[in-house]
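Student: Hi! I'm new to this one, so please walk me through it.

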Amino acid sequence: MAISVLVVEDDKNIQDLLQLYLEKEGYAVTIASDGGQGLTKFRAIKPDLVLLDVMMPVMNGWEVCKTIRAESRTPVIMLTAKGEVDDKITGLKAGADDYVTKPFEMRELIARIEAVL
């Protein structure tokens with residue numbers, strides 16, 4: 001059975017890119033377009049990994065991460081344009097297992113996914 005990845009990202013182009021590459025690597029991908037939808041889908045599908053943007057409507061990624069971490073030990077990788085040191089610290093304190101800044105290389109992201117699984 002394929003490893004399931006929940007991508008919580010509001011940018012349609014990035015959603016499509018991640019889905020294309022992750023499915024090519026053999027992952028089963030589910031997309032959520034905002035933080036609220038992300039939590040709903042997280043609870044419904046119980047993915048093996050969450051790729052989580054920070055700046056999103058309804059609920060930001062830091063709050064989503066804190067909520068996920070309160071409920072589960074599922075690995076979470078923050079995937080965001082917020083690349084300042086303070087942002088990374090905030091993400092890691094919220095419970096993220098890794099923090100990748102945009103723009104990113106797909107090979108590097110795949111390596112980081114494999115490292116947290």
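Student: Where is V58 found?
Tutor: V58 is in the loop between β3 and α3. Helices (H or I, at least four residues) and strands (E, at least two) are DSSP runs, numbered from the N terminus. The model is predicted, so local features need pLDDT of at least 70 and side-chain atom pairs count only at pLDDT 80 or more, while totals for chains, interfaces and linings use all residues. Residues are numbered from 1 along each chain as its sequence is written, and side-chain values use heavy atoms, leaving out hydrogens and water.

Student: OK. Is V58 buried or exposed?
Tutor: V58 counts as exposed, at 70% relative accessibility. Buried means under 20% relative accessible area, exposed over 50%, and partly exposed in between (1.4 Å probe, protein chains only).

Student: And what is phi of V58 near?
Tutor: Phi of V58 is near 70 degrees, a positive value in a residue other than glycine. Most residues other than glycine have a negative phi, and most peptide bonds are trans.

Student: What about phi of K46?
Tutor: K46 is also not a glycine, and its phi is positive, near 50 degrees. You'll find K46 in the loop between α2 and β3 (49-52). With 62% relative accessibility, K46 counts as exposed.

Student: How many residues apart in sequence are S72 and K46?
Tutor: They are 26 residues apart in sequence, and their C-alpha atoms are 9.2 Å apart in space. S72 belongs to the loop between α3 and β4 (76-80). S72 is buried, with a relative accessible area of 19%.

Student: Which peptide bond is cis?
Tutor: Look at K102 and P103: a cis peptide bond joins them, with omega about -5 degrees. P103 sits in the loop between β5 (98-101) and α5.

Student: New topic: where does E9 lie?
Tutor: E9 lies in the loop between β1 (4-8) and α1 (12-24). E9 is buried, with a relative accessible area of 2%.

Student: Which residues does E9 touch?
Tutor: Leaving aside residues up to four places away in sequence, E9 touches I14, Q15, A32, S33, D53, M56, L79 and K102. Contact means heavy atoms within 4.5 Å. The side chain of E9 also reaches the backbone nitrogen of D11 at 3.0 Å.

Student: Now helices. At what angle do the axes of α2 and α3 cross?
Tutor: The axes of α2 (residues 35-45) and α3 (residues 61-71) cross at roughly 20 degrees and come within 10 Å. That makes α2 roughly parallel to α3. Angles under 35 degrees count as roughly parallel, over 145 as roughly antiparallel, 65 to 115 as roughly perpendicular and the rest as oblique. Axes are lines fitted to C-alpha atoms, for helices over the stretch in contact, with angles from 0 to 180 degrees between N-to-C directions.

Student: Which residues make that contact?
Tutor: From α2 come G35, L39, F42 and R43, and from α3 come V64, T67, I68 and E71.

Student: How do α1 and α5 cross?
Tutor: The axes of α1 and α5 (residues 106-116) cross at roughly 60 degrees and come within 11 Å. That makes α1 oblique to α5.

Student: And which residues meet there?
Tutor: L18, Y21 and L22 in α1 meet M106, L109, I110 and I113 in α5.

Terms used
A polar contact is a pair of N or O atoms within 3.5 Å; within protein, one must be able to donate a hydrogen and the other to accept it, and residues adjacent in sequence count only if both atoms are side-chain atoms.
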